[in-house]
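Trainee: I am new to this structure. Could you take me closely through one part of it, the aromatic rings that sit together?

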Amino acid sequence: MNAIVIAVLSAILLTGIDGPACAAANAEEILRSVVKIQATIPREAETAATLGTERQGNGVVIDSRGTILTVGYLVREAERIQVTPRGGQPVLARVIGYDFATGFGLLRAEQSLGVKPIGLGKSSAVLTGDSIVVAGHGGKETAQVSRVISRQEFAGYWEYLLDAAIYTLPAFANFSGAALINTDGELIGIGSLFTQVLVPGWGLIGCNIAIPIDLLGPILDDLMRLGRSEKAQKPWLGIHAAESHGRIFITRITAGGPAEKVGMKVGDIVLAVEGKEVSGLADFYRKVWAVGSAGVQVPLTILQGNAVRDIRVQSIDRHQRAVSRPAVEIKI
């Protein structure tokens, strides 16, 4: 498979490069843009219980200043972050931006990584059936050729929705923050999740979900300057939710969050938003977000035990809660 990865990259990258050896060398250089991320999170952090205190994955160098794009959950609330280029030494990094809506996290290495940044492609051009390379840190040994099996919405239990996520097969084990690379050697997505899809004749097959790179462009400047997007933020309720047969069940309530303050409980069933019946997780989120921006009161009808309740949840901007901690000096 490693030879196939290099052959694919070498064959499709770099028009004008003289000879297969140069093409292969450039393919290796592109894969070197993917670095290892190790993050330490305090035990008292809000995400420690669900995401752990020691997180490891990948990031992709996207500019000459050492800016690294990754999936945000790897570094959320981190007090210590190290990034390691292939064949190099660990370097201290810090979070410079986080976006709840997309799930992107942005880091800046404190020292030069000696890595050439990858170019950004267009995920809108990625179609079902396309072949791509999915790469983790470590070069060709940790890369594989994958196929895009779907471009469709993905609704996450943590009040998260992608309209056109990139689903790829076969599943890539080291998916967190992995680079999706197109046939021009450009970054077209960042690995986020493992899931399963039903394939006729095969049953449930493991696959990955990636965040499309097109979502980065409109917010990149804001993340660089401010650490967050200046766009109007979506109202956050402080819940985890699951869908079963079109019904929305509350599976977790964030301590001190908006939902807890109005008495919502685990096991509640959401029936309607602003009097409009909900029919699935994505529909639920879209109806909540249609009420207004963060800070708006969201009218919900819920089934709590045997009683139907009409409540109004005072939403907030998630950035009002702690996102990350300052990086501290690391002895390497």
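Mentor: Searching the whole structure turns up seven aromatic pairs. Rings of Phe, Tyr and Trp (for Trp, the six-membered ring) pair if their centres lie within 6.5 Å; planes under 30 degrees apart count as stacked, over 60 as edge-to-face and the rest as tilted. One of these pairs joins Phe154 and Tyr160: the ring centres are 6.4 Å apart and the planes meet at 65 degrees, so this pair is edge-to-face. Tyr160 also pairs with Trp158, and here the rings are stacked, with 5.1 Å from centre to centre and 15 degrees between the planes.

Before we go on, a word on the model. This is a predicted model, in which local features need pLDDT of at least 70 and side-chain atom pairs count only at pLDDT 80 or more, while totals for chains, interfaces and linings use all residues. Residues are numbered from 1 along each chain as its sequence is written, and side-chain values use heavy atoms, with hydrogens and water left out.

Now look at how covered these residues are. Buried means under 20% relative accessible area, exposed over 50%, and partly exposed in between (1.4 Å probe, protein chains only). Tyr160 has a relative accessible area of 4%, so Tyr160 is buried. Phe154 counts as buried too, because its relative accessibility is 14%. Trp158, in contrast, is at 24% and therefore partly exposed.
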